Amino acid sequence: MRILLSGISGKMGRAVLSATAGMPNALIVAGVDKFAKAEQFNVPVYSSIGDVAEQFDVIIDFSVRESVYSLLPYAVSKKIPCVLATTGYNDEELEYIRKASLKTAVFLSGNMSLGVNVLIKLVKSATAMLKDKADIEITETHHNQKIDAPSGTAKMLLSAVASEQPIIPIYGREGNTGARTKGEVGVHAIRGGTVVGKHEVSFILDNEVITLKHEAESKFIFANGALKSASYLLGKKPGLYNMETML
């Protein structure tokens, strides 16, 4: 599997590069990153995808949201599958991704971890069983360099709750907010230190609390998830794929 890695100089790009070192069936053939210096890597690195000379089978993107506007037109024109592992897409960007997926295979997930996607299924099950009996709060914690909030995973967890009951998302609280309303789900973001990622969903009932939690101990879980997603995407028909379809 020959991979073009977008965002190769970032923390996750470097993690993917390291993860492929011991894989006999995966090879990073080139990178795209306008901030990278080629001498830092043992593969060619380009500032634009249009300049890439190497042949590759799949694109993995761990860069920034706006990269979809350069990566996806290229992927569509060459019929190359693309794994979008970046988070924080707005509605306009998500619609752009959806339209591109009509012409080539696109894998989109707010989190590339197997464990997180199991957590999402557990949250759906707990919400379905408890319905209106519990007040639900979502808390996410990440390192102090993360630029978007709430995290893509927190949004996935919120969608998991919303798939089972009507909700009113409340992003943080301040001032005289009044009593909690029916269907309210609080979403809170904490930033600090070098925390890789921690997500908690609390189901708060009268006199008891159920907490479902996932903690990422290494960025390699996301790198390995992206590589598995890339392998899964090879040979797929045009469409929008995610962790749930892969699992």
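Entry 1. I began with Tyr 232, which is buried at a relative accessible area of 19%. I use buried for under 20% relative accessible area, exposed for over 50% and partly exposed for what lies in between, with a 1.4 Å probe and protein chains only. The model is predicted, so I note that local features need pLDDT of at least 70 and side-chain atom pairs count only at pLDDT 80 or more, while totals for chains, interfaces and linings use all residues. Residues are numbered from 1 along each chain as its sequence is written, and side-chain values use heavy atoms, with hydrogens and water left out.

Entry 2. Helices (H or I, at least four residues) and strands (E, at least two) are DSSP runs, numbered from the N terminus. Both Phe 56 and Tyr 74 are buried. Tyr 232 and Tyr 241 form an edge-to-face pair, at 5.9 Å centre to centre with 80° between the planes. Tyr 241 is also buried, with a relative accessible area of 15%. Ring pairs join Phe 107, Tyr 232 and Tyr 241 into a cluster. I also found Lys 236 over the face of Tyr 232, 4.2 Å from the ring centre. For this, NZ of Lys or CZ of Arg must be within 6 Å of the ring centre and within 35 degrees of the ring normal.

Entry 3. Next I looked up the sheets. Two strands pair if DSSP finds at least two bridges between them. An open sheet of 7 strands has the order β3-β2-β1-β4-β5-β6-β12, with parallel pairing. β3 and β12 (239–241) are at the edges with a single partner strand each, so one side of each has no neighbour in the sheet. Strands β1 and β2 run parallel and are joined by 5 bridges; Arg 2 has Leu 27 of β2 as its bridge partner. In β2 (residues 27–32), 5 of the 6 residues are buried. β5 (residues 82–84) and β6 pair in the parallel sense over 3 bridges, and Leu 84 is bridged to Leu 108 in β6.

Entry 4. Which helix packs on this sheet, touching β1, β4, β5 and β6? I found that α2 does, with its direction at about 160° to that of β5. Angles run from 0 to 180 degrees between N-to-C directions; axes are lines fitted to C-alpha atoms, for helices over the stretch in contact. Contact means heavy atoms within 4.5 Å. The buried residues of α2 include Leu 71, Leu 72 and Ala 75, and their cover includes β1, β4, β5, α3 and β6. Just after α2, Lys 79 takes a positive phi of about 55°.

Entry 5. I checked Glu 93 in helix α3 (residues 91–100). Glu 93 counts as buried, at 3% relative accessibility. Leaving out residues up to four places away in sequence, Glu 93 touches Arg 65, Tyr 69 and Gly 88.

Entry 6. I then turned to the nonpolar cores. A nonpolar core is a set of buried Ala, Val, Leu, Ile, Met, Phe, Trp, Tyr and Cys residues joined through side-chain atoms within 4.5 Å. The largest has 33 residues, of which Ile 8, Ile 60, Phe 62, Val 83, Phe 107 and Met 112 touch the most other members. β1 (2–6), α1 (11–19), β4, β6 (105–108) and α6 (220–233) each give at least two residues to this core. The largest share, 7 residues, comes from α6. A second, separate core has 23 residues, among them Val 76, Cys 82, Leu 84 and Ala 100.

Entry 7. Strands β8 and β9 (residues 184–191) run parallel and share 4 bridges; Ile 170 has Gly 186 in β9 as its bridge partner.

Conventions: Rings of Phe, Tyr and Trp (its six-membered ring) pair if their centres lie within 6.5 Å; planes under 30 degrees apart count as stacked, over 60 as edge-to-face and the rest as tilted.
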